Amino acid sequence: MGKTLFDKIWDSHIVMSKPGHPDAVYINTHFIHEVTSPQAFDGLRKRGIPVFRPAKTRATADHNVPTLHQDQPIKEALSRYQVEMLTKNTSEYGVELYGLGHRYQGIVHVIGPELGITLPGMTIVCGDSHTSTHGAFGAVAFGIGTSEVEQVLATQCILQYKPKRMKIEVNGQLGKGVLSKDIILYIISKISASGATGYFVEYAGEAIRNLSMEARMTICNMSIEMGARGGLIAPDSTTFDYIKGREFAPKGADWDKALEYWKTLYSDADATFDKVLTFDAADIEPQITYGTNPGMGMGVTRHIPALEQLEEKERPSFKKSLEYMDLQPGAELLGKKVDYVFIGSCTNSRIEDLRLVADFVKGKHKADDVVVWIVPGSKQVEAQAKEEGIDKIFAEAGFQLREPGCSACLAMNEDKVPAGMYCISTSNRNFEGRQGPNARTFLASPLTAAAAAITGKVADVRELL
Amino acid sequence: MSKIFQHLVSSAVPVPIENIDTDQIIPARFLKATTREGFGENLFRDWRYEADNTPKADFVMNNPLYSGKILVAGKNFGCGSSREHAAWAIADAGFKVVVSSFFADIFKNNALNNFILPIQVTDAFLDKIFEAISANPKAALEVDLENQFIRIVATGEKESFDINQYKKTCLMNGYDDIDYLLSLRKEVEQYETTRPFNF
């Protein structure tokens, strides 16, 4: 019987599989950052053991870094100490660091792909749930906790039970103004924030095939928001064209051999999945979330569900969520005033996202009382944006182009949305307090966020194109 | 952190909210520490305290009626971020067991790696636990890992729970995954020789 893509990759990385035990899975690439690694290095120190394969771990500083004046020392003492610890740990244990000031620095899930470190067929882990992003290349990539970071540093392996497999097909073609972010927000709204827990998802279908690598990364990135262990897409010519020539990608004869192998990475026609879901791209309109988990989303022209539409059991959590958002059941969001616009995060901060936004806002200016933050995913994205003159378009529109980092996606640094304010955000989570204590988040695509920046309100970007 | 878990009888702290994400368990702004200790005081920080740090009277952890080593929460507990700080905060606040009708995968792994037992019960049994605590805030629950059951002491109602045998052995004996993986060094080196590329 045929195998799924996920099974092909997983099975070829098993070092030890014993009945009653989780599989010991070999990890090809391990990314680390300043927030979830210090305790893992401490663990190694306590055990008196080295990093087993230091060349297979790469580090960057992203979660906790300022997005202004990165050339100056970090002002906040705890953040500075955490970033300094990363420098100290990576230097002591021989791990390559793309720290602040390095031309490769950026959000871990942006730099891996753009440097050609992320490749098809790999197993990739990082102490960050959005590691699923790398699945866009046909890799098995998933987020892990710090104890597991320590496992990988110590042994280059991780102990995991094999998840079930789900296939999500999106057939047909996307409408005007509908982006891959809308696809994934739509899917999550249909299957809920826990709809794929216990599964590894493969995305397939014409609408997925037609996406660029950047757009595929946005989809895989948010797999975790429906609870999935990860998400992946079979590599194809779009994938190979993206990788070819990148800094750490195979070159010459190695490239040819790698390509031959990568072309075997697809789910066999007779492979079976534990669950298959099918959606039609034509049903998807630009999406927006109204609640406090990513499953609470809808088409931007729709109304928030009324209480009567929900089962009795679901109502208390739903009401709590809308109270936090200060929104009414049954209300619509079109025309709702927004205070902040955040375009950034590992979901939507790549050069393609910035280009889309720049094309849309060229010659326009932001609404007067909206603050717009554009935070590029990496130093390379920032440099590319400047080379293409995108920075000037943003400046003329009244948008602030800042320096790379996770920024207001999780508001660990000083980029916080003030209490009670509404932020339309291209990031991945609308949890209570995610963008700052009592801040209120509407998740949306870069185009829908840009439309809000210009109009000052939640708008249907299709009417502005 | 005690590395062994076998049996426990304790009252419980109920948080009957669904989809409790790790940002609620421990907000990102408290992730700046570089050790595993001290996160307990910020467990459920924004539900527990006002912006000026005064305790919110209506949150269960600020109500002296409720205490114990068992946290009972609504379904899909621990969704969101992979931050192990969530498990560290729960452990640091003195909890040994978390009961819910559904757990997010990464949280479940993180909890087990910190010798906290996540017990998944049915929706119906979860409701019974909440009812028992509502009738008596000091209602005791018994957790028996060896025999894999959880029991409401007052009524005697019990439900068995699943745990994989490997993790059960780890918890009952205080073993961790690194000990096991380090014992596979020869197999790992052998595996590496079979792969021409790093993928």
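Modeller: Let us begin with a pair of strands. Two strands pair if DSSP finds at least two bridges between them; strands (E, at least two residues) and helices (H or I, at least four) are DSSP runs numbered from the N terminus. Here β16(A) pairs with strand β17 (residues 400-401) of chain A in the parallel sense, over two bridges. A:Trp373 stands opposite A:Gln400 in β17(A).

Biologist: What conventions apply to the model as a whole?

Modeller: This is a predicted model, in which local features need pLDDT of at least 70 and side-chain atom pairs count only at pLDDT 80 or more, while totals for chains, interfaces and linings use all residues. Residues are numbered from 1 along each chain as its sequence is written, chains are lettered from A and ligands numbered from 1 in the order in which they are written, and side-chain values use heavy atoms, with hydrogens and water left out.

Biologist: Which strand pairs with β15(A), and how does the chain cross between the two?

Modeller: Strand β15 (residues 340-343) of chain A is joined to strand β16 (residues 371-374) in the parallel sense by four bridges. A:Ile343 has A:Ile374 as its bridge partner in β16(A). The chain passes from β15(A) through helix α12 (residues 351-361) to β16(A) in a right-handed β-α-β crossover; right-handed means that, with the strands pointing away from the viewer, the path from the first strand over the helix to the second runs clockwise.

Biologist: How is an open sheet read, and what is the strand order in the sheet of five strands?

Modeller: The order is β5-β4-β3-β6-β7 (chain A), with parallel pairing. The edges are β5 (96-98) and β7 (140-143) of chain A, each with a single partner strand, so one side of each lacks a neighbour in the sheet. Four bridges join β6 (residues 123-126) to β7(A), and A:Thr123 stands opposite A:Val140 in β7(A). Helix α5(A) packs on this sheet, touching β3 (29-32), β4 (57-60) and β6 of chain A, and its direction makes about 130° with that of β3(A). Contact means heavy atoms within 4.5 Å; axes are lines fitted to C-alpha atoms, for helices over the stretch in contact, and angles run from 0 to 180 degrees between N-to-C directions.

Biologist: What is the order in the sheet of four strands?

Modeller: That open sheet of chain A runs β11-β10-β9-β12, with parallel pairing. Its edge strands are β11 (230-232) and β12 (275-280). Six bridges join β9 (residues 164-171) to β10 (residues 199-204) of chain A, with A:Lys167 opposite A:Glu202 in β10(A).

Biologist: How does one describe two packed helices?

Modeller: Two packed helices are described by the angle between their axes and the distance between the axes. Helix α5 (residues 146-155) of chain A and helix α4 (residues 105-113) of chain B pack at about 75°, with their axes 8 Å apart. That makes α5(A) roughly perpendicular to α4(B), a term for angles of 65 to 115 degrees. A:Ser147, A:Glu148 and A:Gln151 meet B:Asn109, B:Asn110 and B:Asn113.

Biologist: How many residues does each chain bring to the contact?

Modeller: Chain A gives 77 residues and chain B 57 residues. The two chains bury about 5,500 Å² between them, 58% of it on carbon and sulfur atoms; buried area is the accessible area (1.4 Å probe) that two parts lose on being put together, summed over both.

Key: Parallel < 35°, antiparallel > 145°, perpendicular 65-115°, else oblique.
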